[in-house]
Amino acid sequence: MARTALKILLGFLSTAVFFSAFVLIGDVLLAAIAATAVVVGQIVFGRTTGARPSYAIWASLALVLTLTGVTLAGDDTASAAL
């Protein structure tokens with residue numbers, strides 16, 4: 001049970017990095033880059049140890065990219081200046 005919970009938490013590590021980087025930095029693009037770097041690191045680490053990336057890692061990446069896209073699509077600071 002604890003091992004499964006740990007795998008799920010490590011799978012959604014990039015989402016936690018995304019939210020914490022966004023709170024600390026305040027920039028969505030930098031937070032997305034940091035979260036994507038974590039996912040790439042997890043996949044590379046998993047491939048070197050012979051493990052396949054879990055579905056939670058892919059779901060976390062999809063969540064981060066979706067949140068980034070929705071945030072950037074709704075960002076209308078350029079039109080507010082006009």
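This is a predicted model: local features need pLDDT of at least 70, side-chain atom pairs count only at pLDDT 80 or more; totals for chains, interfaces and linings use all residues.

Now to the helix itself. H2 covers residues 13-25.

Which residues of H2 are buried? They are Ser14, Thr15, Phe18 and Ala21. Looking down the axis of H2, these buried residues fall within an arc of 130°, so they line one face of the helix. As background, an α-helix has 3.6 residues a turn, so residues three or four places apart point the same way. On the other side of H2, Val23 and Leu24 are exposed.

What covers the buried residues of H2? The cover includes helix H3, residues 28-49, and helix H4, residues 55-73.

Take two of the buried residues in turn. Thr15 has a relative accessible area of 9%, and it counts as buried because the cut-off is under 20%. Leaving out residues up to four places away in sequence, Thr15 touches Ser60, Leu63 and Val64. Phe18, with its neighbours within four places set aside, is in contact with Val28, Ala31, Ala32, Ala35, Val64, Leu67 and Thr68.

Several of these names come back in the largest nonpolar core. That core has seven residues: Phe18, Ala21, Val28, Ala31, Ala32, Ala35 and Val64. H2 and H3 each supply at least two of its residues, and H3 gives the most, with four. In soluble globular proteins, nonpolar side chains tend to be buried together.

Finally, the whole chain. The protein has five helices and zero strands. Of its 82 residues, 24% count as buried. A compact globule of 82 residues would have a radius of gyration near 12 Å, but this protein has 15 Å. Along its principal axes, the C-alpha trace spans about 55 × 25 × 20 Å.

Among contacts with a separation of 6 or more, 62% are between residues 24 or more positions apart. The protein exposes about 5,800 Å², and carbon and sulfur atoms supply 74% of that area.

That is the tour; I can take questions now.

Technical notes
Residues are numbered from 1 along each chain as its sequence is written. Side-chain values use heavy atoms; hydrogens and water are left out. Buried means under 20% relative accessible area, exposed over 50%, partly exposed in between (1.4 Å probe, protein chains only). Contact means heavy atoms within 4.5 Å. The arc is that of the directions from the helix axis to the C-beta atoms. A nonpolar core is a set of buried Ala, Val, Leu, Ile, Met, Phe, Trp, Tyr and Cys residues joined through side-chain atoms within 4.5 Å. The radius of gyration is taken over C-alpha atoms; the globule rule is 2.2 Å times the number of residues to the power 0.38. Accessible areas come from the Shrake-Rupley method with a 1.4 Å probe; for residues, only the protein chains shown count as cover.
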